Amino acid sequence: MVLARTATNSDESVCTMFGSRYVRTTLPKYEIGENSIPKDAAFQIIKDELMLDGNPRLNLASFVTTWMEPECDKLIMDSINKNYVDMDEYPVTTELQNRCVNIIARLFNAPLEENETAVGVGTVGSSEAIMLAGLAFKRKWQNKRKAEGKPYDKPNIVTGANVQVCWEKFARYFEVELKEVKLSEGYYVMDPDKAAEMVDENTICVAAILGSTLNGEFEDVKRLNDLLVKKNEETGWNTPIHVDAASGGFIAPFIYPELEWDFRLPLVKSINVSGHKYGLVYAGIGWVVWRAQEDLPEELIFHINYLGSDQPTFTLNFSKGSSQIIAQYYQLIRLGFEGYKNVMENCIENMVVLKEGIEKTERFNIVSKDQGVPVVAFSLKDHSFHNEFEISEMLRRFGWIVPAYTMPADAQHITVLRVVVREDFSRTLAERLVADISKVLHELDTLPSKISKKMGLEGVAENVKGKKVERELLMDVIVGWRKFVKDRKKMNGVC
């Protein structure tokens with residue numbers, strides 16, 4: 001029997017969305033369509049496809065905020081059509097940005113008088129903030145070298161190998177040599193002693209990380225400052241420090257107030273922080289603040305007047321939305337010191353719950369530290385049959401996005417899993433994640449014997465003594481495991 005479809009000219013307004021022709025029509029993906037489609041059809045088609053994305057709140061790979069209060073959501077939507085760069089047209093938004101800069105600078109103990117204005121700017125994230133801070137260091141170093149009649153064509157910057165990729169971008173884009181302090185097993189942040197040793201007369205700054213992306217650990221900025229003070233006295237180089245506090249800048253002031261990492265240290269000249277991480281704002285906002293006006297060379301600031309009045313600007317981009325700036329100000333006044341402290345304490349406590357649960361499995365080594373960003377980084381004790389990448393893949397079946405990655409040089413032989421504990425990661429979710437990790441481990445434990453049977457590997461060690469080393473046998477098991485998982489994925493598509 002042949003099914004026939006009869007085209008109708010009925011009014012599409014009487015059809016439901018899924019009764020319209022747009023559900024069965026292939027839409028163009030890589031070129032613009034010839035005809036328009038109804039707004040509700042466009043909305044539903046895109047919404048349906050977006051269902052295949054992961055759940056942002058279960059994305060434990062990301063430090064970025066995934067939840068805000070409905071009242072702030074409304075402020076964001078109400079200001080989504082404001083271009084921040086139009087300062088003359090939106091003077092209140094500009095004022096809110098200035099308030100944020102001053103609040104953050106004082107939170108970082110900038111040496112400001114009561115009515116003195118802080119030096120800083122809002123950015124689209126810490127990557128832009130780091131580019132701006134790096135440019136300020138480079139230009140100030142060049143000016144100093146020119147005044148001394150010395151070469152200024154080979155600037156370098158000293159960092160740990162654990163820095164975020166934006167530092168590598170800065171070095172490559174703006175022609176600065178990146179001198180990395182290599183890591184070692186058990187020590188996954190920059191060693192301040194080694195960093196100080198690498199400093200030379202061409203070093204524009206040393207970048208310290210307050211909250212390593214790899215394991216959340218705070219680097220010892222105080223130790224670095226003391227070493228450089230001594231070296232500067234001996235050499236006269238005056239090498240400064242930039243603190244990349246993208247993740248830890250909104251944690252340390254509330255949880256570790258006695259920790260000296262900020263402008264209390266004389267060589268710290270600039271600090272960046274991500275508002276969209278533990279500043280508790282959706283993606284798209286970062287901040288960079290300078291110790292004093294003299295630390296930001298005036299020639300880097302542009303003045304424009306074609307938008308209505310003289311407007312100073314120091315950014316890499318031009319147009320950007322106002323919503324995230326307004327959202328940051330909302331959080332700062334809504335939460336205050338007390339609110340931020342409560343949120344960060346909750347994150348730390350839930351991190352401890354997760355860490356203790358993982359330790360109880362007795363299958364992992366904890367790589368992260370107790371003092372730092374609320375992150376749990378852990379690696380398998382035994383890699384005989386499985387690795388962290390397989391665990392990461394199988395956790396996705398439960399909805400969890402838990403990244404697995406190798407450490408940078410010289411610790412690249414270490415592989416870890418990492419869970420970022422954010423504001424919206426509750427104790428209930430922490431306990432559930434531990435339970436799901438245990439399930440994955442149990443299932444993985446059953447796979448080698450199944451694969452061995454499938455591949456006829458049982459007893460192979462006795463039969464091929466001297467012909468196959470243990471590593472080759474292990475590779476056979478891994479290949480078999482991958483085939484087993486691939487076959488299961490194919491089966492999952494069958495009703």
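The following dialogue explains how to read several features of this predicted model.

Visitor: In what order do the strands of the open sheet stand?

Guide: Strands of a sheet pair through backbone hydrogen bonds, either parallel or antiparallel. Two strands count as paired if DSSP finds at least two bridges between them. Here, 7 strands form an open sheet with mixed pairing, in the order β1-β7-β6-β5-β4-β2-β3. Its edge strands, β1 (119-123) and β3 (177-181), each pair on one side only.

Visitor: In which sense do β1 and β7 pair?

Guide: β1 and β7 pair in the antiparallel sense over 5 bridges; Val121 has Val288 in β7 as its bridge partner. By contrast, strand β5 (residues 241-244) pairs with strand β6 (residues 268-274) in the parallel sense, over 4 bridges. There, the bridge partner of Val243 is Ile271 in β6.

Visitor: Which helix lies across β1, β6 and β7?

Guide: Axes are lines fitted to C-alpha atoms, for helices over the stretch in contact (heavy atoms within 4.5 Å). Angles run from 0 to 180 degrees between N-to-C directions. Helix α3 (residues 91-107) lies across β1, β6 and β7 (286-290), and runs at about 60 degrees to β7.

Visitor: Is β1 mostly covered or mostly uncovered?

Guide: A residue is buried under 20% relative accessible area, exposed over 50%, and partly exposed in between (1.4 Å probe, protein chains only). β1 is mostly covered, with 4 of its 5 residues buried. Of the 495 residues of the chain, 48% count as buried.

Visitor: Why does Lys179 count as buried?

Guide: Lys179, a residue of strand β3, counts as buried because its relative accessible area is 15%.

Visitor: Which residues does Lys179 touch?

Guide: Leaving out residues up to four places away in sequence, Lys179 touches Asn156, Ile157, Val158, Thr159, Met198 and Asp200. A polar contact is a pair of N or O atoms within 3.5 Å; within protein, one must be able to donate a hydrogen and the other to accept it, and residues adjacent in sequence count only if both atoms are side-chain atoms. Such a contact, of 3.1 Å, joins the side chains of Lys179 and Asp200.

Definitions and conventions
Residues are numbered from 1 along each chain as its sequence is written. This is a predicted model: local features need pLDDT of at least 70, side-chain atom pairs count only at pLDDT 80 or more; totals for chains, interfaces and linings use all residues. Side-chain values use heavy atoms; hydrogens and water are left out. Helices (H or I, at least four residues) and strands (E, at least two) are DSSP runs, numbered from the N terminus.
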